[in-house]
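Below are some comments on the helix packing and on one surface feature. Please read them with the coordinates open.

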Amino acid sequence: MSDRHEHSHPHEHTHGPGQEHRHDRGHDHGPDQEHRHDHGHRHGLRHRLAHLLAPHSHETADKVDSALESSARGMRALWVSLAVLGVTALAQAVVVAVSGSVALLGDTVHNTADALTAVPLGIAFVLGRRAATRRFTYGYGRAEDLAGLVIVLTIAASAAFAGWTALDRLLDPRPVQHVPAVAVAALVGFAGNEWVARYRIRVGRSIGSAALVADGLHARTDGFTSLAVLLGASGSALGWHLADPIVGLAITAAITLVLRDAAREVFRRVMDAVDPALVDRAERALAQVPGVRGVGELRLRWIGHRLRAEVAVVVDGGATVREAHRIAVDAEHALLHAIPRLTAALVHADPEPAPGESDPHLPLAHHIAA
C-alpha cells in the first residue's frame with residue numbers, strides 16, 4: 001500500500017487510492033495570530049505559546065501568504081539599501097573628483113556596484129511572486145539564485161577594476177588632494193555600508209534568501225574597505241604618497257575575500273545544498289508522528305527563499321488507504337511545524353515489509369539504475 005500527500009499553494013483536493021492528495025491550506029503563521037485547523041478545532045494555550053516560537057497557520061483566507069510577505073520584505077530591504085548606498089556613493093564620488101584618491105575611487109565603485117545589485121535581486125523577487133505554470137511547475141523562485149550569480153559576477157568585476165586602478169597609481173604615484181574630505185567620505189562610506197549590511201543580512205536570514213545575505217556580506221566588507229581608505233588618507237597626510245594605492249590594493253584583496261564567501265554561498269544554493277541540521281530536525285519530527293514506523297529517503301531543497309521536502313515514511317502494511325493518508329497528513333503537518341520556511345511537502349507512505357514479501361519497488365529498480 002502506498003499513499004502520497006503533498007501540500008502546496010494553491011491546493012486542489014482529490015482523493016483516491018494511490019492518488020496525490022492536496023489540501024486547501026495555507027501556512028503563514030504570525031506570532032500574534034490565532035491558529036485554525038481545517039478540521040475545525042482550536043488549539044489550547046500550550047499550542048498557542050508554541051506558535052510564538054515556531055509561528056505558523058493553516059488558514060489562507062485571513063492571513064497574508066508567507067511567500068508574498070517574505071518577497072515584499074526582500075523588496076523593501078533592496079530599495080532602502082539602494083537609497084542609502086546611492087547617497088553614500090554619490091557623496092564619495094564628489095570627493096573622488098576633487099581629491100584624485102584611487103583608494104576612495106575603488107571604494108566608491110564598489111559601493112555603486114553594491115547598490116546596483118538591488119536591480120537583479122528586485123527582478124528576482126518580483127518573478128518569485130508569480131504563480132507556477134505548466135512549464136515552470138515549481139514557480140520562479142530559482143530566479144533568486146540566478147540573481148545571486150549576477151551579484152557574484154558584479155563583485156568580481158569591481159575587484160578587478162579596483163585592483164587595476166590601484167596598480168596603475170602604484171606605478172605612477174600622485175599626491176592626494178583634500179585629504180580631510182577623503183577622510184570624511186571614508187567615514188560616510190563605512191557608516192552607510194555597515195547599516196545596509198546589518199539590514200540586508202537580518203532580512204535575508206529571516207526570509208531565507210541566500211542572495212540577500214550574500215549582498216549583505218558584500219556591503220559589510222565595503223564598510224571595512226572604507227576604513228582602509230581612512231588609513232590611506234592618514235598616510236597621504238603624512239606625506240607618504242604610496243599609502244593611497246597600497247590601500248587600494250588592500251581593498252582589492254578584501255573584495256576578493258567577499259567574492260569567495262559570496263560565491264560559496266550562492267554555489268551551495270544553486271546545487272540544492274541545505275543545512276544538515278535541517279535534515280536531522282525533519283527526521284526527528286517525522287519519527288514522533290503516530291503511525292510512522294520508519295523514515296526512508298528524505299530530501300530538502302531551496303527554491304528561492306522557500307523550502308520544499310520530499311520524504312518516504314514506513315507505515316503498517318495492513319493499514320487502509322485512508323489510514324495511510326491520515327499518517328501522511330500528520331507527517332506533513334509535523335514537517336511544516338518543525339522546518340522554518342518550508343512551504344510544501346510530498347509524503348510517500350510505504351508499507352512495512354512482511355516476511356517473505358518481495359520489495360514493491362522492484363519494478364522501478366531498472367529505471368533508478370539507468
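1. Helix H6, spanning residues 179–207, packs on helix H7, residues 210–237, at an angle of about 165°. The two axes lie 7 Å apart. Since angles over 145 degrees count as roughly antiparallel, H6 is therefore roughly antiparallel to H7. The model is a predicted one, and these values are computed from it.

2. The handedness of the H6 and H7 crossing is left-handed. Sorted by class, the residues in the contact of H6 with H7 are 21 nonpolar, 7 polar and 7 charged.

3. H7 also meets H5: the axes of H5 and H7 come within 8 Å and cross at roughly 20°. How are H5 and H7 oriented to each other, parallel or antiparallel? Angles under 35 degrees count as roughly parallel, and H5 and H7 are therefore roughly parallel to each other. This crossing, of H5 and H7, is left-handed.

4. The crossing of H9 and H10 is right-handed.

5. Which residues make the nonpolar surface patch of about 490 Å²? Leu-146, Leu-149, Phe-267, Val-270 and Met-271 make this patch. Helix H5 (143–171) and helix H8 (243–270) are the elements that give two or more residues to the nonpolar patch. Met-271 sits in the loop between H8 and helix H9, the latter covering 276–287.

Note on methods: Residues numbered from 1 in each chain as written. Predicted model: local features only at pLDDT ≥ 70, side-chain atom pairs only at ≥ 80, totals over all residues. Heavy atoms only, no water. Axes fitted to C-alpha atoms, helices over the stretch in contact; angles between N-to-C directions. Helix = DSSP H or I, 4+ residues; strand = E, 2+ residues; numbered from the N terminus. Parallel < 35°, antiparallel > 145°, perpendicular 65-115°, else oblique. Left-handed = near helix turned anticlockwise from the far one by under 90°. Nonpolar A, V, L, I, M, F, W, Y, C, P; charged D, E, K, R; others polar. Patch = residues over 30% accessible without salt bridge, like charges linked within 9 Å, V, L, I, M, F, W, Y side chains within 5 Å. Areas by Shrake-Rupley, 256 points an atom, 1.4 Å probe, with all protein chains shown as cover. Salt bridge = Lys/Arg side-chain N within 4 Å of Asp/Glu carboxyl O.
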